[in-house]
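Here is a structure to get to know. Please look over the chains and how they meet before reading on.

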Amino acid sequence: MAMIEVRWHGRGGQGAKTASQFLGEAALDTDKYIQAFPEYGPERAGAPMRSYTRISDTVITIHSSVTNPDIVVVIDPTLVGSIDVTEGLGDKGIILVNTDKSPKDIRKDLDFTKGRVATVDATKISLETLGIPMPNMPMLGALLKVNPLVTIDQLSERVKGKFLKKIGEEKTNANIEGIKRAYSEVKID
Amino acid sequence: MTKKNLIPFTGDQAVAYAMKQIDPDVVAAYPITPQTEIVMNFSNYVANGQVSTEMIPVESEHSAMSACVGAAAAGARTMTATSANGLALMWEIVYIAASTRLPIVMPVVNRALSGPINIHCDHSDTMGCRDSGWIHIYCENAQEVYENTILAIRIAEHKKILLPVMVCQDGFITSHAVEGLELFDDKKVKDFIGEYKIENPLLDVDHPVTYGPLDLQDYYFEHKRQQGEAMKAALTAIPEVLKKFEKTFGRKYDFIETYKLDDAEIAIVAMSSTAGTVKFVVDELRQKGVKAGLLRPRIFRPFPKEKLITALKNVKAVAVLDRSESFSAEGGPLYTDIKAALYDSGIRPLISNYIYGLGGRDIFPADINKVYVDLQDILKTGKVKTPLNYLGSRE
Amino acid sequence: MENKKSWKEIPIGGKIIEAGNAAKYNTGSWRTFRPEKNDKKCINCLFCWIYCPDSSIKVEDDKMAGFDYEHCKGCGICASICPVKCIDMKKEIQ
């Protein structure tokens, strides 16, 4: 595998940084080389922010932010149209959006004719599994359907490792359920 | 495939973990972005009883370094950590630590100095105190940050050196990015750093000594001379420590790192995380047949003149990247130092300077590529049109 | 004048590693006035001993026993502080 670069778009407080890290750490468990880092600006809850994950079979030396991502994940649907989420996305690029719309509609909204577009209603899944709108974990599940960077089991192990102590078994399982649901519900065009 | 068993750590976590394994006698520190997670994580180790360190939460960095000086003089293995304005507030005592010859180790998370106020990476903080008498180590990634923090203990405490050491990493870029780290066994770290024994500790009440007396025209100069000689001695003593490090941990380091430099016609000199991005660009250029290379100074003070000259001896055009502006109107500190080193050697590549990345301005492969394009042009024309350039600044 | 030492011969870091070596420095030569005591008036309160900046008041059996002229700089603090004015400052060269 050549290096895969993922760019996450979210708003401060929606867990884009956490998602980028979980993906990286799950890949690290499978002996990949990884980088996961947010773009630090003036942090404010609600402000648009980016985070990045790099995964590679070989040592990663590059230390700048990602300009030509292989995958873009948009955690907040209101960012579509307000910032250029497809910037730098190549012909084979994939964009995954948290929305109740179909991939075809999002394609139109984004005016994106290349690559693949995937959608999943991660906010709804999060509300139904966790009871709060925290779409980052379902987005991770959906991402793994779009590109199996790690398996659902590998990701779940990482989530357990990070969450069990912090939020308890019930909420951890709810997060994993959200991941699995998004994995099966994501639509791809 | 053997399991690599890499641990996800940020650069700050890497420092805190190294400090946990070192288990210093005293840590006096004040949190400041982007160093905060070092103090936070290490405080957790203290609170959890995982270290035996006496942690002194102070009210300012001036106090932090003052407490470190006192502790180190008393005979304690002492550490602190800071960034930018915190380092600036320590300034007075930073010099005192070096001139009192106290082997304090201080991880510094490089951040732009105010003003205007900015929390992101550049090297203006540590470059500003390059004349303070501290040894300066610059790290490319979190793995190096971890290893150099451990290495620094032995360098600082080496009998022929006895100087404090700064271990520098790039703010946010390294300090807040998660990477996979290979961690050393606790016991190996303990064996490597050994026991801390200082000559003439203040707390040896049977042999009372005085630290920090007034030192005027008759002896001050001799004490400064000793500092200069210690820095020179470090050039020969550090390799001993590096050899021991290699023997213990299997990691081979030198004052400098070269990347595809042996047959390079054009080369960039860069430090810290940017050097990693340069490697990425060198690989791309090599695939196109461009003979590009990289030279990365890892240890900046003492300045490894001979190593740098040897590394650059066959390169025809060199660009030095400085992540700080020294406002000399003559270029950044790394550039002017390298030019000075080349003067006597008779090795005179066409050389130019690029100030970049101030206040955390990202440096992309495209920026570095532009420098190599400039170098190819310089190689062709045999002329450096603009010796001093500002890479990534809007014109 | 003693020969000053080279950078190779002195302790590093400006440390003074020999306790009490100020005694080797004979500041007594600085004096232009020397303190002299009128034994009859002295009440042995030892204020002079407390105030002397150069530890040059000799004390024997809890009594003021004269001056250490090797180190007394002749500053006159003892004479000034003495509550019964039993110390006079006399010119070194008459």
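The model is predicted: local features need pLDDT of at least 70, side-chain atom pairs count only at pLDDT 80 or more, and totals for chains, interfaces and linings use all residues. Residues are numbered from 1 along each chain as its sequence is written, chains are lettered from A and ligands numbered from 1 in the order written, and side-chain values use heavy atoms, with hydrogens and water left out.

**Chain A against chain B**

- Chain A brings 22 residues into contact with 27 residues of chain B. Contact means heavy atoms within 4.5 Å.
- About 2,000 Å² is buried between chain A and chain B, and carbon and sulfur atoms give 58% of this. Buried area is the accessible area (1.4 Å probe) that two parts lose on being put together, summed over both.
- D31(A), Y40(A) and H63(A) provide 34% of the area that chain A buries against chain B, more than any other three residues.
- The count of salt bridges between chain A and chain B is 0. A salt bridge is a side-chain nitrogen of Lys or Arg within 4 Å of a carboxyl oxygen of Asp or Glu.
- Polar contacts link 10 residue pairs between chain A and chain B, both residues at pLDDT 80 or more. A polar contact is a pair of N or O atoms within 3.5 Å; within protein, one must be able to donate a hydrogen and the other to accept it, and residues adjacent in sequence count only if both atoms are side-chain atoms.
- Two elements of chain A, α1 (16-29) and β2 (33-38), each give two or more residues to the side that touches chain B. β2(A) gives the most, with 6 residues. Helices (H or I, at least four residues) and strands (E, at least two) are DSSP runs, numbered from the N terminus.
- By class, this side of chain A has 9 nonpolar, 9 polar and 4 charged residues. Ala, Val, Leu, Ile, Met, Phe, Trp, Tyr, Cys and Pro count as nonpolar, Asp, Glu, Lys and Arg as charged, and the others, Gly among them, as polar.

**A strand pair across the chains**

- β2(A) pairs with strand β8 (residues 178-181) of chain B in the antiparallel sense, over 2 bridges. Strands pair if DSSP finds at least two bridges between them.
- A36(A) has V178(B) as its bridge partner in β8(B).

**The two domains of chain B**

- The domain assignment, automatic or from a database, gives domain 1 (7-249) and domain 2 (256-391) in chain B.
- Their C-alpha centres lie 28 Å apart.
- In chain B, 26 residues of domain 1 are in contact with 24 residues of domain 2.
- The two domains bury about 2,100 Å² between them, 57% of it on carbon and sulfur atoms. R130(B), Y138(B) and E140(B) supply 29% of what domain 1 buries against domain 2, more than any other three residues.
- There are 4 salt bridges between the domains. E140(B) and K279(B) meet in a salt bridge through their side chains (2.8 Å, N to O).

**Chain C against chain B**

- The contact takes 13 residues from chain C and 18 residues from chain B.
- Chain C and chain B bury about 1,500 Å² between them, with 63% on carbon and sulfur atoms.
- Between chain C and chain B, the count of salt bridges is 0.
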